[in-house]
Structure formats: C-alpha cells, structure tokens
Amino acid sequence: MTKNTTSVQTGKTATSSLATLLKKRPARDANALLADIAALTKLAGHAKNPGAAEKVLSWCETAAKRKLDATQRCLLDFYTANAWICRHHERKNASNAAWEQPEIEKAIYHLRKAVDDPAFLFFDELLRCRILTLSGNQHGYMGDFIHAIEYWDRAIETDTRFGMALGNRGKGIAEYAELIGDDTLKPVFLGMATDNLEAATDDDARYFGDAQGKEYFRAELEKIDATLSGSDSDAAPVCDTPRQTDKSGKNRNFRKWCLTEKLYLNPYNDLCQANAAAYDIMEQPVSNPSPLRIMPPAIRFLSQIRQEYIAARHLCHGALSSKALRDARKSENAETDRKGWSLAVETLKLACRSAWSLLPKIARTVNLYFDLKLPDGKTGLKTVWYKNGNPAEGLADAFAGSTNWPLRGLFWLSKALPPERLSPSTDPHSLLLKTIAEELGHRYLRIVELDLPSGQIVDGTLSRRKLEDATLKALGLARGAIVYLTQAISIEETRKKIQAESHAGGNVYPDISASPAGETP
C-alpha cells in the first residue's frame with residue numbers, strides 16, 4: 001500500500017469520525033463527554049469544518065455546567081482553549097495582522113486558567129508541556145514575546161527535550177531579535193535562537209508523533225544561518241556575553257533575585273539569568289528633537305517611569321530579604337521580630353502600590369506620545385488604545401494597521417489587566433491584584449502570616465504570601481510594559497527620522513535627545 005493511499009484512507013476515516021461526532025448528542029457521563037470533546041477538537045483542527053469548532057464550544061459550555069472534579073475542570077479549560085484556536089483558524093482570511101483577535105484572547109484566558117489551576121500539576125509531563133507550549137505560542141503569535149518565552153521556559157523545565165517548546169522558543173527569539181533597536185544585539189539573540197532550534201532538530205528531541213514540527217524548525221534554522229552568514233558579527237549566545245557587573249557580596253543576592261524574577265529592564269533577562277543580563281538598559285529611545293532641540297515630554301516621562309520602577313524593585317527586595325520575613329517563612333510558629341516584620345510588610349505594601357501606579361503612568365505616556373488627546377479619566381492602560389477610550393468604538397487611528405510589534409506587545413500585555421469598560425481580561429486572577437492595590441492605596445489592608453483558605457481578601461485581611469505574589473506580579477507587568485514601550489518608541493522615532501530625511505533630502509537636525517548610557521546595579 002502506497003503512502004498516498006494510506007493518507008487517503010486516513011482522511012476518509014477522519015471525515016467519517018467527524019461526521020459521526022457532529023451528529024452525536026453530549027454524553028451524560030463527564031469522562032465520556034470530555035473524551036468526545038478531545039476527539040472532536042482534534043478532528044476539527046485537521047478538517048477545518050466551520051461547524052466542528054462551534055459544536056466543540058457548545059459541548060464545552062455543557063460540560064462546564066456539569067459536576068466536574070478539579071482535574072476534569074482543568075482539562076476542560078485546555079479543550080476550550082483549543083476549540084477557540086480552531087475557530088480562529090477556521091475564519092476566512094484569519095491573520096495575525098489584526099490587533100484584535102477575540103478567539104485568541106479567549107484561548108489565552110482558558111490556557112492561563114488551566115496552567116494556574118492546582119490540578120495542573122497532576123497531569124503527566126507530556127500534557128503539561130503541550131499546554132505550556134500552546135500558551136507560549138498564542139502570546140508569541142500576538143507579539144507578547146516576554147510572556148511567550150516565560151511559558152516556553154516552563155515547558156522546557158518540565159521536559160528539556162520537548163521539541164515543540166524548544167523550536168517555538170527559538171523561532172520566537174529570532175522574531176523578538178528583529179524588534180531590538182540596537183543592531184549589534186541582534187546577532188546575540190539570533191545565537192540563542194540558533195541554540196534552541198538546533199536542540200529542537202537534534203535526534204533526541206521528542207515530538208510524540210508530530211514529525212512535521214522538526215522539519216519546520218529545521219527550515220527556520222536554515223533561515224537564521226543564512227542571515228548570520230551575511231553578518232559581520234559573531235552570534236554568541238547571550239548568556240556567554242561578558243558584562244562587567246558589581247560582584248560585591250552586598251549586591252550579589254539582589255542581582256540573583258532580579259535575574260530569577262526577570263526584573264531587569266533588559267531583554268537579555270527574558271532569555272537567561274546570567275550576569276550578562278544583570279543590568280538595566282537606561283538609554284533613552286533615539287528621538288528626533290524639535291527645532292528648539294527639546295527632548296519630547298513623553299520620552300522624559302518614560303525616563304522618570306524607569307526610575308520609579310527601579311525604586312519600587314529595590315523596596316520589594318529590601319522587604320523580602322529582611323531577616324524578620326525570612327524567619328517567618330521558615331515556620332509560622334517561629335519567634336519573629338514583630339517590629340521588623342511589620343516594617344518589612346509595610347515596605348512591601350509600598351512596593352506593590354508603587355509598581356501598580358506605574359501602569360496608568362505608562363498609559364498617559366502612550367496618550368501623550370501618540371497625541372491621542374484623551375482626558376485623564378480615559379487613559380488607563382487597558383483603554384488608551386481605543387477611540388475616546390471606549391473599546392466599543394474600535395482601535396484609535398494611531399494603532400489600527402500599525403506594524404509596530406512592541407507596541408502591539410504592550411497592547412496584549414494590557415489585556416491581562418482587570419476587565420474595564422467591556423474589555424475582558426485574559427488573566428482569571430487579575431481582579432485580585434487590582435483589589436489588593438486599591439485596598440492598599442485607599443483603604444486598610446491587614447496582613448497576616450497565616451495563609452487564608454480562600455487565598456482572597458477576607459474581612460480586610462490578606463496573607464503575607466499573597467501580598468508577595470501580588471507585588472512581584474505588579475513589578476513584572478510594569479517591567480514588561482516599560483520594555484515594550486521603550487522598543488515601540490524607538491521604532492516610531494526611527495520611522496519619523498526616515499520620513500524626515502526623505503522630505504529634507506537628508507538634512508535633519510542632529511540627534512541630541514538621547515541621554516547618556518546609564519546603568520543601575
């Protein structure tokens with residue numbers, strides 16, 4: 001039997017199975033219903049039948065109303081995400097060029113919900129890797145490479161030879177490299193991408209029946225090799241890049257903490273945790289000054305935001321590294337310095353409030369730089385992208401059709417913020433972070449060492465562990481937003497400079513607006 005004959009027979013069998021499932025009513029047994037959902041989702045992805053994805057989504061809604069245990073509910077979120085992705089691909093002319101992708105937005109929500117579910121850890125390694133890789137792929141597809149790399153890293157930590165995670169990470173880093181304003185850094189990123197793609201195409205890479213994935217990544221590796229062969233720069237892995245940093249014992253723990261939590265204002269830190277990434281890139285975006293040679297206000301504000309972020313980061317580390325908090329972590333019943341513990345907790349509160357307050361400031365910087373003329377009440381980071389700050393009116397003209405990928409990365413990062421003005425959130429836990437920040441800023445929030453059963457705020461009380469998590473999450477959001485906005489403005493300023501040169505015949509004002517290169521420890 002020839003290969004083509006086998007393929008035809010397989011296709012007929014799949015078509016027959018799909019037709020049978022489409023006629024079937026949802027099973028009463030939860031396990032049987034989930035099995036049907038899994039089978040129909042797989043067939044829908046191959047057949048691209050418009051009715052298949054709708055059928056899966058209706059079954060998912062039915063299953064969600066059933067009495068499911070924790071593992072079944074987590075699995076249902078994974079299947080629901082797959083169904084939304086299938087529906088996205090079934091759309092005519094489906095493309096990632098459009099900023100708004102409602103199906104992908106819903107898929108990311110359910111994938112995050114599955115990954116954050118405690119039952120996720122009970123899945124086998126293969127399923128966990130697939131869910132994490134799929135999560136990374138959706139973020140990368142929409143230009144949010146910071147979160148994409150985070151999910152791919154988690155998949156690789158679960159299985160160091162999981163080919164789809166290695167390959168997608170390599171491809172994603174190669175795409176991220178094209179957004180870096182400094183051309184001297186691109187070969188370094190491409191070197192890291194090459195390492196991942198080579199690992200993805202090694203003989204020991206595991207694909208679990210998906211042989212086409214390895215061939216796809218081999219083709220991507222050849223493209224990067226062709227790019228590097230025409231470059232004068234050596235493609236050294238970023239983690240091997242020498243960098244002079246403060247190696248004193250005083251700052252060693254701080255550097256290690258920032259690297260581990262990926263809190264340096266440096267795209268390097270998304271790729272690795274070596275000393276090469278242990279510094280903040282403080283250069284301003286290269287801007288085109290006015291005839292009076294005045295730095296644009298938005299770029300000045302961005303510089304101030306960076307400084308405030310660094311201060312909040314220091315506050316957070318100072319609190320978490322205090323002896324009183326370290327002693328409290330060891331045992332809830334241990335003798336602790338109550339005065340020192342209280343001071344550390346209050347410092348942590350300040351760090352959380354400071355980090356959260358940066359997000360509306362970043363939105364105001366976007367409003368100012370792109371001359372959106374929105375009033376302060378409509379300049380939240382989640383709504384600043386829309387006409388009159390209203391998602392119902394569609395994207396503002398400044399963004400619709402824009403090919404500035406870091407800006408779109410910031411747009412999709414903002415989707416993880418709490419729901420606002422008919423704009424949903426891709427993060428199921430976003431409301432808790434907002435509530436904590438607002439309670440700290442406007443009301444009273446009591447912090448206790450004991451973990452509360454619900455993990456929420458109960459009678460004005462929150463566990464210290466949850467406060468730590470919220471502070472780190474707020475810092476991570478602020479850090480990602482600053483990195484994306486800096487890259488986005490650099491791209492816009494380069495575009496303006498090219499336009500100015502084309503109109504003025506190359507005679508433009510010299511660039512004096514960039515601040516001298518600076519670093520923080």
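Analyst: Happy to! The lining of the second largest pocket divides into 15 nonpolar, eight polar and 18 charged residues, where Ala, Val, Leu, Ile, Met, Phe, Trp, Tyr, Cys and Pro count as nonpolar, Asp, Glu, Lys and Arg as charged, and the others, Gly among them, as polar. This is a predicted model, in which local features need pLDDT of at least 70 and side-chain atom pairs count only at pLDDT 80 or more, while totals for chains, interfaces and linings use all residues. Residues are numbered from 1 along each chain as its sequence is written, and side-chain values use heavy atoms, with hydrogens and water left out.

In all, 41 residues line this pocket, and Asp116, Glu150, Arg154, Asp469 and Lys473 lie nearest its centre. On a 1 Å grid over the protein atoms alone, a pocket is an open set of points where a 1.4 Å probe fits, with protein on both sides within 12 Å along at least five of seven lines, and lining residues have an atom within 4 Å of a point. Its volume is about 1600 Å³, meaning the space filled by probe spheres set on the points, which are joined across faces, edges and corners.

As for where the lining comes from, α18 (464–504) gives the most, with eight residues. At least two residues each are supplied by α5 (102–116), α7 (145–158), α11 (249–261), α12 (268–271), α17 (430–442) and α18; helices here are DSSP runs (H or I, at least four residues), numbered from the N terminus.

Between α11 and α12 there is a loop, and Asn266 has its place there. Asn266 is buried, with a relative accessible area of 0% (buried means under 20%, with a 1.4 Å probe and protein chains only).

Conventions: Buried means under 20% relative accessible area, exposed over 50%, partly exposed in between (1.4 Å probe, protein chains only).
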